[in-house]
Amino acid sequence: MTHDTLQGQFVNLRPLKVEDAALTLAWRRAARARFLNAGAASVEQQAAWIAGRPASEYNYIIELKNGHAIGMLSLTGIDRANRHGEPGRFLIGDEAAAQGVPAAVEAMKLLYELAFDQLELVRVCGIVAANNTLMVKWQKFMGMKEEGRLRKHLCQDGAFHDAVFLGLLVEDYRKVTLPRMKLLMGAAQPKN
């Protein structure tokens with residue numbers, strides 16, 4: 001099962017392909033990815049991981065409108081009976097190319113539109129490393145609520161760290177998140 005490309009104004013989310021293995025592995029090895037799990041150790045392992053993704057997952061490459069790949073994002077753990085899923089694997093790998101573009105905001109907006117409007121989920125939720133303070137702060141600003149803390153849940157560089165469990169309900173997405181996203185994206189509009 002292949003998923004469609006999600007089209008935005010500034011970025012598109014196109015399905016992750018095996019051919020993206022070298023690029024995504026390079027992103028994951030960068031300092032910016034220190035809060036993601038360790039992942040593959042080689043391009044071959046990364047390609048095998050991509051090839052092995054189940055059809056129930058939505059794994060995307062974030063591309064600028066000119067086709068330049070700048071990051072990745074996923075929606076996994078989709079439970080259609082209970083209507084929830086987990087956004088994750090979010091990484092802007094090419095910060096320089098994303099400069100001045102609301103790429104992160106629009107990528108999340110496109111993923112939330114998939115989750116809430118197309119798949120009709122009622123919530124998205126997941127964990128963020130507690131020491132990833134910028135991501136926790138950003139997710140809360142975007143409307144997510146802290147629903148709990150998982151003590152010593154993640155092992156990073158040989159040390160155990162807490163994880164923050166965050167959740168976003170569809171009604172909060174519509175009342176808080178979507179207006180904030182539109183405001184941030186509107187600020188990036190060229191002034192005539």
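Phe116 is buried, at a relative accessible area of 3% (buried means under 20%, exposed over 50% and partly exposed in between, with a 1.4 Å probe and protein chains only). The model is predicted: local features need pLDDT of at least 70 and side-chain atom pairs count only at pLDDT 80 or more, while totals for chains, interfaces and linings use all residues. Residues are numbered from 1 along each chain as its sequence is written, and side-chain values use heavy atoms, with hydrogens and water left out. The structure holds four aromatic pairs (rings of Phe, Tyr and Trp, the latter by its six-membered ring, with centres within 6.5 Å; planes under 30 degrees apart are stacked, over 60 edge-to-face, the rest tilted).

**Phe90 and Trp138**
- The pair is stacked, because the ring centres of Phe90 and Trp138 lie 5.9 Å apart with the planes at 25°.
- Distant parts of the chain are linked by this pair, as Phe90 belongs to strand E5 (residues 84-92) and Trp138 to helix H5 (residues 133-141), 48 residues apart (DSSP runs numbered from the N terminus; helices are H or I with at least four residues, strands E with at least two).
- Phe90 is buried at 14% relative accessible area, whereas Trp138 is partly exposed at 22%.

- Tyr112 and Phe116 form a tilted pair, with 5.9 Å between centres and 50° between planes.
- About one helical turn separates Tyr112 from Phe116, because they are four residues apart in helix H4 (residues 103-118).
- Tyr112 is buried, with 2% relative accessibility.
- Tyr112, Phe116 and Tyr173 are joined into a cluster by ring pairs.

**Arg180 and Phe141**
- The charged end of Arg180 sits over the ring of Phe141, 4.9 Å from the ring centre (NZ of Lys or CZ of Arg within 6 Å of the centre and within 35 degrees of the ring normal).
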